[in-house]
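Please work through the following exercises with the sequence and the structure side by side, and try each task before reading its solution.

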Amino acid sequence: MKQVSGEVAAVDAKANALTVKGKKGDVAVTADDKTSVKIGKDKKSLADVKVGDKVTVKYAETDGKNVARASW
């Protein structure tokens, strides 16, 4: 499992995708039905994440794509 922390650069709730500006560059991740999104202690959806938010995303590379497992 990999992890990236940084500011959200882009969010596409319809495509279940977001891009995080990490220390080593931008990381694009997609969410699926197993992805857990939390803001503080509250469970939220990807639609609640906004550009400019500070986030930490844990993700795994699956079939050449970065798939988020947890985001907060």
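Contact here means heavy atoms within 4.5 Å. The model is a predicted one.

**Exercise 1.** Determine where T35 lies, whether T35 is buried or exposed, and which residues T35 is in contact with beyond its neighbours within four places in sequence.

*Solution.* Begin with the location: T35 sits in the loop that joins β3 (25–30) to β4 (36–39). Next, take the relative accessible area of T35, which is 16%; because buried means under 20%, T35 counts as buried. Then, with the neighbours within four places in sequence set aside, the contacts of T35 are A68, R69 and A70. Finally, look at the polar atoms: the side chain of T35 reaches the backbone nitrogen of D32 at 2.9 Å, and a polar atom of that T35 side chain lies 2.5 Å from the backbone oxygen of A68.

**Exercise 2.** State how many salt bridges a search of the whole structure finds, and describe the one between E7 and K54.

*Solution.* The search finds three salt bridges. In the bridge between E7 and K54, the closest N and O atoms are 3.4 Å apart. E7 lies in strand β1 and K54 in strand β6, so the pair ties together parts that are 47 residues apart in sequence.

Notes. Residues numbered from 1 in each chain as written. Predicted model: local features only at pLDDT ≥ 70, side-chain atom pairs only at ≥ 80, totals over all residues. Heavy atoms only, no water. Helix = DSSP H or I, 4+ residues; strand = E, 2+ residues; numbered from the N terminus. Buried < 20%, exposed > 50% of the residue type's maximum accessible area, 1.4 Å probe, protein only. Polar contact = N/O pair within 3.5 Å; in protein donor to acceptor, adjacent residues only side chain to side chain. Salt bridge = Lys/Arg side-chain N within 4 Å of Asp/Glu carboxyl O.
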